[in-house]
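Here is a short note for a colleague who is meeting this structure for the first time. Please read the points alongside the sequence and the 3D view.

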Amino acid sequence: MPPEGNPMAASEATLRNGHGRGRRLASWREHHGWSAAASLRRLASRPLGSLLTVAVMGLALALPLAFYLLLGNVQKLGDALGQSEAVSVFMQPGQNAQQAQLLARQLGERPEVAKVTVKTPQQGMDELARMQGFSGALLTLDDNPLPYVLQLQPRPGTSAGMIEQLATDVRAMHSVDMVQDSGNWRRRLDALLGVGNRAALVLASLLSLAALLVVGNTVRMDIAGRSEEIGVLMLLGASAAFVRRPYLYAGIWYGLFSGILATLLAVLIELVLAEPVARLSRAYDGRLQINGLPPWLLLAVPLAAAVLGWLGARLVSAWQLRKAA
Amino acid sequence: MIQFDQVSKRYEGGHEALSQLSFEVPTGEMAFVTGHSGAGKSTLLKLLGLIERPSHGVIALDGRDLGKVRRGGIPKWRRQIGMVFQDHRLLMERTVFANVELPLVICGTARAERARRVRAALEKVGLLECERQLPATLSTGEQQRVGIARAIVARPSLLIADEPTGNLDPQLALEIMGLFDEFKQIGTTVLIASHDLPLIKRMKRRVIVLDHGRLVADLSAQEVL
């Protein structure tokens, strides 16, 4: 038994009493706090290396974001252009205004149709007359040979497939002579966007993997540089989780900062494009609305990057510490 | 109580560091393990710290077979023993206080309790006034005393020391040994590997002598005298 008054012995009794679950939890939380702060200090202690790692990861994550932004807006552009390219329905010759109005009402009730404009034969004739070189030729006609034309404006967001189906349905109507569907270019654009979306996904996966490897390698070098400290901690009875904790936080910091950088770069791209896009929008009477990245994505990118950083650090530290044990 | 029963250790490559080693050290006893370089002293301590595993035989501490401690249980095992190294193995970026505090942080001891225990340990080794200093600002002897404070701060049941006075002058070495002797008095089993025979003789404690991994003598304190 320890002698009376021994300070070590007195402390021992208190220590035994203090080993409750609550105190362990408090100590665990304290070590998390310490690890988070210590890893941040380590990053700050070598600013150039840390900045380079964050910059490489940030650029790697910004690329798919920029691609996503571009694709989303090409889609928007396609929608805007699609709105100006109405489906033109040419009625059989001899159909009168009442029949044209009836068909316009029928077609206007279809969900994919936003608006139907009836163009009378006289309006068609007037348009032709305004075109250079036609006015003389029209004077030789005894009567107006042009039919009623209905211009169908598809609703925004209507897919190319739905517009194609609309054209097919209208073409089958007995009062309709011809349907002019300008949807071919839309289908090609949609196909291209499909390829682009898949490419963006592959690019995002590859660049995320690259970011993960960057964090992993940085943490690996960090662990290699602190092998002596790790050895001492293990000899003192530190668990793998205890030793790993500061390195996991380092991974989280790298990921978080690079995610923030990637988001800032994406916002910068939006700002750089804002002026030419506004000009493009004006050219389409303001119908072209270019969107930025949604707010949820701006929040999700840094968080996802932090998880990515943690994962990279976790994989490498587990492997490195197993080797050290 | 430490029990070695027919313990052998053969390293990869065939070198046999320990051969058929059997001895016991009762709880609270302080014993020296000595022998020339390569006799197996460090290997013996490594086996106790589960840094190495025996090739044959059984090692037990207070009846617990070390062979049954799984890989995942090694950290917990090491928390029960204190280790002192010839090269101190202090973390030079951390203060003396933080170094001594480490085993308690690892054990999950509350902050206030840690502060109390660290100061008690530093007071014990006479370095309380150095708690805010970095180890590099201390002399070799002081660094070794910090290492000892770190080894005893969690009140281990076993304290093992590998050449703890290897770099110290004779007077300082005697002081350090005196510290170990005090821990023995509070119930800690102390096992010290040393080849400093004059110092061992002055301490008048049990001596286990190894030669080429074999036990060649096991001298009681009286026999040493």
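**Notes on chains A and B**

1. In chain A, among the contacts between residues at least 6 apart in sequence, 84% join residues that are at least 24 apart. This and every point below should be read with the caution that the model is a predicted one.

2. Chain A contains eleven helices and four strands, and of its 325 residues 28% count as buried.

3. Helix H2 of chain A, which covers residues 21-45 and so has 25 residues by the numbering of DSSP runs, reaches 35 Å from its first C-alpha to its last, close to the 36 Å expected at 1.5 Å a residue. Which residues of H2(A) are buried? They are Ser27(A), Ser39(A) and Leu43(A).

4. Turning to chain B, the axes of helix H3 (residues 96-107) and helix H5 (residues 140-152) come within 7 Å and cross at roughly 30°. Because angles under 35 degrees count as roughly parallel, H3(B) is described as roughly parallel to H5(B), and the crossing of the two helices is right-handed. On the side of H3(B), the contact is made by Val96(B), Asn99(B), Val100(B), Leu102(B) and Pro103(B), while H5(B) contributes Val146(B), Ala149(B) and Arg150(B). The residues of this contact between H3(B) and H5(B) divide into six nonpolar, one polar and one charged.

5. How do H3(B) and H4(B) pack, and at what angle? Their axes are 9 Å apart and the angle is about 125°, and the two helices are therefore oblique to each other. H3(B) passes H4(B) in a right-handed crossing. The contact is made by Phe97(B), Val100(B), Glu101(B), Leu104(B) and Val105(B) of H3(B), together with Arg114(B), Arg117(B), Val118(B), Ala121(B) and Leu122(B) of H4(B). Its residues divide into seven nonpolar, no polar and three charged. Val100(B) is named in the contact of H3(B) with H5(B) and also in the contact of H3(B) with H4(B).

6. Is Ala121(B) buried or exposed? Ala121(B) has 28 other C-beta atoms within 10 Å, and because a residue with 20 or more counts as buried, Ala121(B) is buried. Ala121(B) and Gln171(B) are 50 residues apart in sequence, and their C-alpha atoms are 21 Å apart in space.

Conventions:
Residues numbered from 1 in each chain as written. Chains lettered and ligands numbered in written order. Predicted model: local features only at pLDDT ≥ 70, side-chain atom pairs only at ≥ 80, totals over all residues. Expected span 1.5 Å × (residues − 1). Buried ≥ 20, exposed ≤ 12 C-beta atoms within 10 Å, placed from the backbone. Axes fitted to C-alpha atoms, helices over the stretch in contact; angles between N-to-C directions. Parallel < 35°, antiparallel > 145°, perpendicular 65-115°, else oblique. Left-handed = near helix turned anticlockwise from the far one by under 90°. Contact = placed C-beta atoms within 7 Å. Nonpolar A, V, L, I, M, F, W, Y, C, P; charged D, E, K, R; others polar.
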